[in-house]
Amino acid sequence: MNLKSSLLVVKDMDAAKAFYAEVFGLSVEQDFGANVTLTGGLSLQTEASWKEFLSADEISFGGCDAEIYFEEDNYDAFLKRLSALSNICYVHPPLEHRWGQRVCRIYDLDKHIIEIAEPLSAVIRRFAGEGMSDTEIAERMDIPLDMITAELQ
């Protein structure tokens with residue numbers, strides 16, 4: 001079995017496509033009207049068609065039980081671009097986790113949570129650039145030393 005896609009139900013397909021294009025640079029790979037597949041494997045489904053599929057009267061939006069996860073190598077540039085957008089609603093502002101990875105979480109237009117983080121490889125390189133030794137980085141990030149040395153080779 002192969003995982004093929006994650007699917008989000010959206011209220012307004014055109015607005016959702018525009019949001020994912022503007023914020024994350026995703027583009028449409030396949031457009032079937034009520035179902036759209038974006039680059040990266042994300043699928044969008046209209047609320048009306050989803051209700052029909054499930055024989056449901058109502059769809060609940062805004063739960064805090066899942067997220068879509070993106071990584072961005074040029075994290076500072078992404079945050080600068082994100083801050084210039086007027087339609088961004090933050091779950092929380094950018095922060096740094098205890099292991100040093102910078103992250104922010106935002107809502108999309110239908111209140112799905114999206115996490116954007118710098119890759120661990122970027123954190124390793126950032127710490128090395130700040131003068132930390134391989135051992136110090138491994139201890140700070142709580143990851144194996146061989147992962148650090150492999151990244152910095």
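Two strands pair if DSSP finds at least two bridges between them. Helices (H or I, at least four residues) and strands (E, at least two) are DSSP runs, numbered from the N terminus. This is a predicted model: local features need pLDDT of at least 70, side-chain atom pairs count only at pLDDT 80 or more, and totals for chains, interfaces and linings use all residues. Residues are numbered from 1 along each chain as its sequence is written, and side-chain values use heavy atoms, without hydrogens or water.

**Stop 1: the sheet.** Select β5 (67–71) and β8 (residues 113–117). They run parallel, joined by five bridges. Find F70; its bridge partner in β8 is I116. The open sheet has four, in the order β5-β8-β7-β6, with mixed pairing. β5 and β6 (89–96) are the edge strands, each pairing on one side only.

**Stop 2: helix α5.** Select residues 134–141. Look down the axis of α5: the buried residues fall within an arc of 100 degrees (taken from the directions from the axis to the C-beta atoms), so they line one face. Their cover includes α4 (120–129) and α6 (145–152). Just after α5, click D142, which has a positive phi of about 60 degrees.

**Stop 3: two helices meet.** Select α1 (residues 13–24) and α3 (residues 75–83). In α1, E22, V23 and F24 meet F78, R81 and L82 of α3 (contact means heavy atoms within 4.5 Å). The residues of this contact divide into four nonpolar, no polar and two charged.

Terms used. Buried < 20%, exposed > 50% of the residue type's maximum accessible area, 1.4 Å probe, protein only. Axes fitted to C-alpha atoms, helices over the stretch in contact; angles between N-to-C directions. Nonpolar A, V, L, I, M, F, W, Y, C, P; charged D, E, K, R; others polar.
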